[in-house]
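Please keep the sequence and the structure in view while reading.

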Amino acid sequence: MEGFAPTRHAVHVLPEDELRRKLARGTPLRVKLGIDPTSPDVHLGVAAVLDRLREWQDAGHTVVLIVGDYTGRIGDPSGRSAERPVLSGEELDENAREFAGQLFRVLDPERTEIRFNGEWLGKLSYADVVRLTRTMTVARLLERDDFAKRFAAQEPISLSELLYPLMQAYDSVAIEADVEIGGTDQLYNLLAGRDVMVHYGLEPQVVVTYPLLVGLDGEEKMSKSRGNYVGILDPPEEMFGKTMSIPDSALPQWWELVGGGGEHPDDPMDWKLELARRIVARWHGDDAAQAAEEHFTRVVRRHEVPAEVPDVPLVDGDPVHVPAMLASAFGISTSEARRLIAQGGVRLDGEAVGELDVPRDRLAGSVLQAGRRRFAKLVDPA
């Protein structure tokens, strides 16, 4: 296994001897990754796993991406203390299409299959589902850490959630996976796939897990639902600023998983700046990275107004209701706007705004700022 690039950064390789045996055949392996379509955005945590998949492809293997359009109607309970809300079929289908469109910024389309698991799960008869449920006991399902905790706390667990690991395992049966990869939080589901494949007369898949990238808070895994993420489609300035906000403790992992690794500056600020440059340059190019750093230096470090500020028309009224103006200018809720005002995070030409209603003539022509990175020049359409 030493020097085998596709398992670089791996936390688990189970069983390792089986992977050696599969690789010794000298034929391309089918490497599976399941994708949750409840959010259409690819963030850096997902991109880090896609990078590992690209390494499998570069070693000559075929990646099979399973878009969970059908399992998404249940919602993966992994690591959750409550049942996940279920989106409508239309939302899931649209998200899946948007998500798939971003994947080939990392993966080689010639060695990638994208499959939607509704293709086979939607065709299962009641008898087929009963056969699938016979492959695993309730006791085994309740060994899962999240299920075990909820059961012990007498919190509800729906039958549909108990079916999720079996449905994910059946995906491996349907595509005859040789290897399934995922984050460390997916270990139980991936191992379940091995057990279920045996019941269907197939050689079980090898399980490979990779570490979960921590989010902007440096504690929880990066997740759209937690709001602690950097999307690969985020604007350069936002991507740069978000990266600069991570705690120093997250630097080593981010550097290794999404920064390219290698030597780095000793000073945490210089290290973080280089990390932000690399991330923005990868997704937007070198010129965008330079412009994003200049924006960060001007706005965040020097507390100056950006070189370019968009014009935004004043909302109706005199005086103007500032929360309504913030909602119109930056797309935030009025409750969030009030909170920003109370925290001193709203400025007008650099001066903190404490009142909720401001005379119209004071606002016209001024630069409104919300937080560190949102600016608008207010224009009176009258």
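D234 is buried, because its relative accessible area of 11% falls under the 20% limit. The model is a predicted one.

**Surroundings of D234**

- D234 is located in the loop that runs between β6 (206-210) and α10.
- Leaving aside residues up to four places away in sequence, D234 touches M239, K242 and H284.
- With K242, the contact is polar and joins the two side chains at 3.1 Å.
- The D234 side chain also reaches a backbone atom, the nitrogen of G231, at 2.9 Å.
- D234 and H284 are 50 residues apart along the chain, and 9.5 Å separates their C-alpha atoms.

**Nonpolar cores**

- The largest nonpolar core comprises 56 residues. Those with the most contacts inside this core are L44, L53, W56, V179, I181 and W254.
- For L53, the residues touched are V31, L33, V63, L65, L107 and I181, when residues up to four places away in sequence are not counted.

**Second largest pocket**

- The second largest pocket has a volume of about 750 Å³.
- This pocket is lined by 23 residues, of which E237, E238, H295, R373 and R374 are the closest to its centre.
- Two or more lining residues are given by each of α10 (236-244), α13 (286-301) and β13 (374-379). The largest share, six residues, is that of α13.
- By class, 11 of the residues lining this pocket are nonpolar, three are polar and nine are charged.

**Enclosed cavity**

- One cavity of 30 Å³ or more is counted in the model.
- The volume of the largest cavity is about 40 Å³.
- The lining of the largest cavity is formed by H9, A48, V49, R52, Y210, P211 and L257.
- Helix α2 (residues 44-58) supplies the largest share of this lining, namely three residues.
- The lining of the largest cavity divides by class into five nonpolar residues, one polar residue and one charged residue.

Note on methods:
Residues numbered from 1 in each chain as written. Predicted model: local features only at pLDDT ≥ 70, side-chain atom pairs only at ≥ 80, totals over all residues. Heavy atoms only, no water. Core = buried A, V, L, I, M, F, W, Y, C linked by side-chain atoms within 4.5 Å. Buried < 20%, exposed > 50% of the residue type's maximum accessible area, 1.4 Å probe, protein only. Contact = heavy atoms within 4.5 Å. 1 Å grid on protein atoms, 1.4 Å probe; cavity = no way out; pocket = protein on both sides within 12 Å on 5 of 7 lines; lining within 4 Å. Points joined across faces, edges and corners; volume = space filled by probe spheres on them. Helix = DSSP H or I, 4+ residues; strand = E, 2+ residues; numbered from the N terminus. Nonpolar A, V, L, I, M, F, W, Y, C, P; charged D, E, K, R; others polar. Polar contact = N/O pair within 3.5 Å; in protein donor to acceptor, adjacent residues only side chain to side chain.
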